[in-house]
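Hi there,

Here is the structure I promised to pass on.

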Amino acid sequence: MAALTREETEALIQEVLEVYPEQARKDRAKHLAVNDQSLEKSNKCITSNRKSQPGVMTIRGCAYAGSKGVVWGPIKDMIHISHGPVGCGQYSRAGRRNYYVGTTGVNTFGTMNFTSDFQEKDIVFGGDKKLAKIMLEIEELFPLHKGISIQSECPIGLIGDDIEAVAKKANKEIGKPVVPVRCEGFRGVSQSLGHHIANDAIRDWVLENRDGDESFPTTPYDVAVIGDYNIGGDAWASRTLLEEMGLRVVAQWSGDGTIAEMEKTPKVKLNLIHCYRSMNYIARHMEEKYKIPWIEYNFFGPTKIAESLRKIAALFDETIQAGAERVIAKYQAEYDAVIAKYKPRLQGKRVMLYVGGLRPRHVIGAYEDLGMEVVGTGYEFGHNDDYDRTIKEMGNATLIYDDVTGYEFEEFVKKVQPDLIGSGIKEKYIFQKMGIPFRQMHSWDYSGPYHGYDGFAIFARDMDMTLNNPCWKQVKVPWKTDESTKVAVAASA
Amino acid sequence: MPSVMLKKNAEGKLVFYVPKKDLEEVAESVEFDSPEKWGGEVLLSDGSKYYFEPINAQPDFPVTLRAKRLDSGE
C-alpha cells in the first residue's frame, strides 16, 4: 500500500473520530495529528500529558509504575518495598527484564517482590507500625542490602500515613539510606508524574549524601549513563561503546545500578541522557546545583550511534574524539554485514509504533538503517518537549497520536495496513489476531539488547524473524485466501 | 509566577525552561543583559514575554528564578 498523502491522513483521523460523542471528539482531536516537519513547536499541532477520557481504553500506567517500575526498581542493591496491598508489586514483579549482575536475595534484589501486604486493619489503623517492623525484618534477613526505598501505593496517600517519619527513624536505626517515595498511583495523569516524583526523591534523599566528600578519585573523562534501564542488557551494550572510546562510566541510572553509583554521580563531568522523559529532571537539577552539563544521545541503529558518539566526543578532548572514530571504524564491518543481510529482506516495510518514554522517536533511525519506514508513532505519556523532538525525526504527513485509545489504534492500523507494529503486551495479541506482525517494544519481546552496535544486530534479526515469519501466510483460513477464491470462481463458472 | 530554569546553550543563547508547562524556548532578547544589571523583560522565540526583577549582577547560569508572565504571545 502506498504512503498516505496529507489529505488522506487528515481524512483518516476525521473518520476515526466520528464515532465519539461531541465532547470526547473535541478532546481526542487535539491528540491526533498529521506530522508537519516545518513546525518548530509541537504545541501547534498536538496536545499531550492530559487526563485520559473516561470510557476509552488507554494504555497508560500509574505514578507507582513510573517510580517503582521504571526509576527505582532497577537499582539492584536496594530493597524497594511496595507499600500497600500486595497486588501492585506482585503483578509488576520482574516484568521489565532489567538485567543485573549479583546474587538475587543475597546482595541484589531486582526480581524480588517486597510488600507490606496491607490488610483491612492496616487501612483502618494505619500502616506505619507495620512499615517500621518490616524494615527491621529486612535488615535482619537481608543484611547485605544497601538501602530501602518505600514505594507508596494508593492507600498510603488516602489514609495519610507519615512514611517520611518512619523512614527517618529507620534510617537512624539501620544506618542505611531509607527513601520514602510519595508515588501513589492516583497522582497525575500517567506514569510520567511517577518518574518526576522518583527523580525528586533521589534529589532530596540520595544525591547529597556525598557532598563535601572528595575521597572518590575522579578523572576528566567521568560520565554517567542516565535513563538506561538495562532492558535485556541495553546498558551494557551502551557502556562498552563509551568505555572503548576512552570514557569512564561512573554510574548507570538505573539499570544494573547501585545506590553508591548514584551518590557518586555529582562528581562526574558529563551526564548522558538516554531516556529524556523519565530522567531529565535529575539531569537539570544536577546541571543547576553541580554545574554538570548533560546531553541527550541515541544508541539505536548505526547512523544514530555514530552521530551520538561524535556529539559526546565533541565535548571532550582529542583523545576521546579519536576514540569515537576508532569505535565507529571498529564496528563498521560488523554493522555493514548486518545491514547487507537484513536490508534486502526488510526494505520498504512500513512500521507503526506506540510506546512510552523515548522509543517512539529513538528507534526510527534504527528502522531507517534497515530500509524500513515509520509511518505512525505516538507516546503513552510524552509531554510537549517529546513531541518537539519527534517532529523532525518523522516523515512528512505521517500519523502522530498521543495517548491513543484501543479503538483508535485498531482503526488506524486497519486503514494504514502497516507491515509491522511495535507496541506493548496489551496490544500484541489483538494485532497478531488481525494478522499483522508485532514486536513488543517495551521489553524487546523477551529479546535484547537493542542498544549499541551489538544490539543493532539483534534488533535487525528480531524484526526480520517477526516480519518474514511464514506463520503470517497461515493466518487466513484456506477457503478465504486469494487462490481458493479464484478456484471457487472458476468452479462455479 | 512560574519558576523558570535558565541556562545558556552551546551558542551562548539563553534557554528558558518551565518544568510545569514543558516549555523549552530560546530567549530572543533580554532587556538588561550586562555584567552590572540583569533582568527585565525577556522575549521568547514563541512570542511570549516574561519579566524578571532586575538584579545587580549576571546570575550564575544555570539557575532557577521566579518570573512574571506578561504576554502569552497568542
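**Where chain A meets chain B**

R284(A) and E24(B) are joined in a salt bridge, with their closest N and O atoms 3.0 Å apart. Keep in mind as you look that this is a predicted model. Between chain A and chain B the salt bridges number five, and the interface also has six residue pairs in polar contact, with both partners at pLDDT 80 or more.

Which helices of chain A each supply at least two residues of the side that touches chain B? They are α12 (276-290) and α17 (384-391). Of the elements on that side, α12(A) gives the most, with seven residues.

As for the extent of the interface, 15 residues of chain A are in contact with 12 residues of chain B. Together the two chains bury about 1200 Å², and 41% of this lies on carbon and sulfur atoms.

**A surface patch on chain A**

There is also a nonpolar patch on the surface, formed by Y99(A), V101(A) and W236(A), and the accessible area of these residues together is about 270 Å². One of them, V101(A), sits in the loop that runs between α4 (87-91) and β3 (114-115) of chain A. Is V101(A) buried or exposed? V101(A) counts as exposed because its relative accessible area is 53%, and the cut-off for exposed is over 50%.

Notes:
Residues numbered from 1 in each chain as written. Chains lettered and ligands numbered in written order. Predicted model: local features only at pLDDT ≥ 70, side-chain atom pairs only at ≥ 80, totals over all residues. Heavy atoms only, no water. Patch = residues over 30% accessible without salt bridge, like charges linked within 9 Å, V, L, I, M, F, W, Y side chains within 5 Å. Areas by Shrake-Rupley, 256 points an atom, 1.4 Å probe, with all protein chains shown as cover. Salt bridge = Lys/Arg side-chain N within 4 Å of Asp/Glu carboxyl O. Helix = DSSP H or I, 4+ residues; strand = E, 2+ residues; numbered from the N terminus. Buried < 20%, exposed > 50% of the residue type's maximum accessible area, 1.4 Å probe, protein only. Contact = heavy atoms within 4.5 Å. Buried area = accessible area lost by both parts, 1.4 Å probe. Polar contact = N/O pair within 3.5 Å; in protein donor to acceptor, adjacent residues only side chain to side chain.
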